[in-house]
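Dear colleague,

Please find below the structure that I am handing over to you, together with its sequence. My notes on what was found in it follow directly after.

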Amino acid sequence: MVATRPRGGTDYPRGWDELLAWFPDDAECLDYLEWLRWPEGFGCPHCGSGGWRTAKGDWSCAGCHRRVTLTSGTIFERTRTPLTTWFAAGWYMTNQKTAGVSAKGLQRVLELGSYQTAWTILHKYRSAMVRPGRDRLTGTVEVDETLVGGAKPGVAGRGALGKTLVAVAVEVHDPRGFGRARLQVIPDASKVTLSGFVTDTIEPGATVRTDGWRSYVGLDALGYIHEPVNVSASGEQAHVSLPGVHRVASLFKRSLLNAYQQYPKLHLQAYCNEWVFRFNRRHSRARGMLFFRLMELAVQAGPLPYSALIRSTRPREISPIPPVGDGRPRRAAVNDQQRPWRHT
Ligand SMILES: [Zn+2]
């Protein structure tokens, strides 16, 4: 990290004009990326040794003797798109206040020849936007699961068809207000999946608030202070008992509907990352600061070849609610009428 509090005009451009003035060509972009990546000077990504600069501007490692380009091991590795285009795209992405950015929109604004180029840039940035296992949530955190996806018309109880299950976590402040959030596409609501989500996402020692779903039982043994909240059958009361996750889930779903024409199911995790990146920095007044953070993450993230991008994990479809016994829900299942993924 370059500085605890980077400054506009010194560490990041304060506006579009300044961006263009700072980065007129790829050499200036590379210089900036190098400064973000190795603020203390070159360190080999393979062995950590120092090295020396080659005539071509790359680095040669003194330890393992590998040649390291300024972009190798970053999302910019082997790109054929000019870095000036990448920078403009990163600026455009981080300067949208609320909704996400569509590839069509980016292609139009930057006058890119190819839709695929715009799409690839956006997805590579999205892949870098959340660092798994780092910056875990602290304090009091609400956790729940929700279904995301275009509602398909159908009989009651079958609305879950074609939707994807997403785990939600958000820090809640006392007496009101929310901190940072996390969204993770999950295959099911099993104990293994949900406790894995909690340990990946939340620092041990935090207070974790959930409803009474059995998969959350045992979080104490993992080092958390578990507070199961008694959510009754009423949907209204569920909102009151776990207001944070409810708010985050509804904001996320609304932004998906607003931003994208097509339901981005296959790459839902990427959209989760983008939304979380923006939500967690919603109080940041300087939009250039978001550009700075994005670039910082982009040089820390591993490369992501296009072939791997389009192979991203395909989320499982959630089955509709199976009929329960004589047709009347069991007492324990009352609250799960809207939660078909919990019928296992
Ligand atoms: Zn090395």
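Is helix H5 mostly covered or mostly exposed, judged by how many of its 14 residues are buried? H5 is mostly covered, with 10 of its 14 residues buried. A residue is called buried if 20 or more other C-beta atoms lie within 10 Å of its own, exposed if 12 or fewer do, and partly exposed in between, the C-beta atoms being placed from the backbone. The buried residues of H5 include Trp119, Ile121, Leu122 and Tyr125, and also His123, Lys124 and Arg126. H5 covers residues 115–128 and reaches 20 Å from its first C-alpha to its last, close to the 20 Å expected at 1.5 Å a residue; the expected span is 1.5 Å times one less than the number of residues.

Two conventions apply throughout. The model is predicted, and local features need pLDDT of at least 70, side-chain atom pairs count only at pLDDT 80 or more, and totals for chains, interfaces and linings use all residues. Residues are numbered from 1 along each chain as its sequence is written.

Overall composition

The protein contains 11 helices and eight strands. Helices (H or I, at least four residues) and strands (E, at least two) are DSSP runs, numbered from the N terminus. Of its 344 residues, 35% count as buried. Among the contacts with a separation of 6 or more, 58% come from residues 24 or more positions apart; a contact requires that the C-beta atoms of two residues, placed from the backbone, lie within 7 Å.

The five-stranded sheet

An open sheet of five strands runs in the order S6-S5-S4-S7-S8, with mixed pairing. Its edge strands are S6 and S8, each of which pairs on one side only. Two strands are said to pair if DSSP finds at least two bridges between them. On average, neighbouring strands of this sheet are turned by 25 degrees against each other, direction ignored.

Strand S4 (residues 140–148) is mostly covered, as seven of its nine residues are buried. S4 pairs with strand S5 (residues 164–172) in the antiparallel sense over nine bridges, and glutamate 145 stands opposite alanine 167 in S5. With strand S7 (residues 207–210), S4 pairs in the parallel sense over three bridges. In that pairing, valine 141 has valine 208 of S7 as its bridge partner, and glutamate 142 stands opposite arginine 209. S7 in turn pairs with strand S8 (residues 225–228) in the parallel sense over four bridges, with threonine 207 opposite isoleucine 225.

Axes are lines fitted to C-alpha atoms, for helices over the stretch in contact, and angles run from 0 to 180 degrees between N-to-C directions.

A second open sheet has three strands in the order S1-S2-S3, with antiparallel pairing. Strand S1 (51–53) and strand S3 (67–68) are its edge strands, each pairing on one side only. Strand S2 (residues 59–61) pairs with S3 over two bridges, and serine 60 has arginine 67 as its bridge partner in S3.

The axes of helix H2 (residues 26–37) and helix H3 (residues 83–94) come within 8 Å and cross at roughly 60 degrees. The two helices are therefore oblique to each other, since angles under 35 degrees count as roughly parallel, over 145 as roughly antiparallel, 65 to 115 as roughly perpendicular and the rest as oblique. Asp26, Cys29 and Leu30 in H2 meet Leu83, Thr84 and Phe87 in H3.

Backbone points to inspect

The peptide bond from aspartate 174 to proline 175 is cis, with omega near 5 degrees. Proline 175 lies in the loop between S5 and strand S6 (178–185).

Phi is positive, near 55 degrees, at arginine 78 and likewise near 55 degrees at glutamate 111. Arginine 78 lies in the loop between S3 and H3 and counts as exposed because it has 10 C-beta neighbours inside 10 Å. Glutamate 111 is found in the loop between helix H4 (103–109) and H5, and counts as exposed with 7 such neighbours.

Yours sincerely
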